[in-house]
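Student: I have a model open on my screen and I'd like to learn how to read it. Can we go through it feature by feature?

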Amino acid sequence: MSRRCELTGKGPMTGNNVSHANNKTRRRFLPNLNDVTLQSETLGRGVKLRISAAALRSVDHRGGLDAFLAKAKDDELSDNALKLKKEIAKAQAAQA
């Protein structure tokens, strides 16, 4: 399983561990990923995603999963999230 957020595309970054003696060794900064189930109002069901804590706050700020995916760029989304975005758009078009 890759260490990448399904909604924002946030992944591992690299940097240095710097000791008191100023020795530098390479390290990885991993994103804070959580397995969550988000509710889609349009589809009327829950969707399991592996997203970062920052993405979870962004989803709440934008007013839910449907609103977040509507504004999200396609190149940042995972294949699973992109499929979900198209499914939600199709369901919203059918309701209108």
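Student: Let's begin with Asn-22. Where does Asn-22 lie?

Tutor: Asn-22 sits in the loop between β1 and β2. Keep in mind as we go that this is a predicted model.

Student: What is the phi of Asn-22?

Tutor: Here's the general idea. Most residues other than glycine have a negative phi. Now the case here: Asn-22 has a phi near 65 degrees, which is positive although the residue is not a glycine. Asn-22 belongs to the hairpin of β1 and β2, where five residues stand between the strands.

Student: Is Asn-22 buried, partly exposed or exposed?

Tutor: Partly exposed, because its relative accessible area is 47% and that class runs between 20% and 50%.

Student: How do β1 and β2 pair, and over how many bridges?

Tutor: The pairing is antiparallel, with six bridges joining β1 (residues 13–18) to β2 (residues 24–29).

Student: What should I know about side chains along a strand?

Tutor: In a regular strand, side chains alternate between the two faces of the sheet.

Student: What lies over the face of Phe-29?

Tutor: That's Arg-27, at 3.8 Å from the ring centre. If you go looking for aromatic pairs as well, a search of the whole structure turns up zero.

Student: How many residues are between β3 and β4 in their hairpin?

Tutor: Four, and Gly-44 in that turn has a positive phi of about 70 degrees. One example to click on is Leu-38, whose bridge partner in β4 is Val-47.

Student: How many salt bridges are there in the whole structure?

Tutor: The search finds three. Take Arg-50 and Asp-35, whose side chains meet at 3.7 Å, N to O. Arg-50 is in strand β4 and Asp-35 in strand β3, so this pair ties together parts that are 15 residues apart in sequence.

Student: How exposed are Arg-50 and Asp-35?

Tutor: Arg-50 is partly exposed, with a relative accessible area of 21%, while Asp-35 is exposed at 63%.

Student: Which side chain meets Arg-45 in a salt bridge?

Tutor: Glu-87, with an N to O distance of 2.7 Å. This pair links distant parts of the chain, since Glu-87 is in helix α3 and Arg-45 in strand β4, 42 residues apart. Both partners are partly exposed: Glu-87 has a relative accessible area of 33%, and Arg-45 has 36%.

Student: And which residue forms a salt bridge with Lys-85?

Tutor: Asp-74, with the closest N and O atoms 2.8 Å apart. Lys-85 is in helix α3 and Asp-74 in the loop between α2 and α3, eleven residues apart. Lys-85 counts as buried because its relative accessibility is 18%, under the 20% cut-off. Asp-74, at 43%, counts as partly exposed.

Student: Now the inside. How many residues does the largest nonpolar core have?

Tutor: It has 18, and the ones with the most contacts inside it are Leu-7, Leu-38, Leu-49, Ile-51, Leu-65 and Leu-69. Five elements are named as giving two or more residues to this core: β3 (33–40), β4 (45–52), α1 (53–62), α2 (65–71) and α3 (79–95).

Student: What is Leu-7 in contact with?

Tutor: Setting aside neighbours within four places in sequence, the contacts of Leu-7 include Leu-38, Leu-49, Ile-51, Val-59 and Phe-68. Also among them are Glu-76, Leu-77 and Ala-81.

Student: Last stop, Arg-3. Where is Arg-3 found?

Tutor: In the segment before β1. Arg-3 is partly exposed, with a relative accessible area of 45%. Beyond neighbours within four places in sequence, its contacts include Lys-10, Pro-12, Arg-28, Leu-33 and Arg-50.

Student: How far apart are Arg-3 and Val-36 in sequence and in space?

Tutor: They are 33 residues apart in sequence and 15 Å apart in space, taken C-alpha to C-alpha.

Methods:
Residues are numbered from 1 along each chain as its sequence is written. This is a predicted model: local features need pLDDT of at least 70, side-chain atom pairs count only at pLDDT 80 or more; totals for chains, interfaces and linings use all residues. Side-chain values use heavy atoms; hydrogens and water are left out. Rings of Phe, Tyr and Trp (its six-membered ring) pair if their centres lie within 6.5 Å; planes under 30 degrees apart count as stacked, over 60 as edge-to-face and the rest as tilted. A charge sits over a ring if NZ of Lys or CZ of Arg is within 6 Å of the ring centre and within 35 degrees of the ring normal. Two strands pair if DSSP finds at least two bridges between them. A nonpolar core is a set of buried Ala, Val, Leu, Ile, Met, Phe, Trp, Tyr and Cys residues joined through side-chain atoms within 4.5 Å. Buried means under 20% relative accessible area, exposed over 50%, partly exposed in between (1.4 Å probe, protein chains only). Contact means heavy atoms within 4.5 Å. A salt bridge is a side-chain nitrogen of Lys or Arg within 4 Å of a carboxyl oxygen of Asp or Glu.
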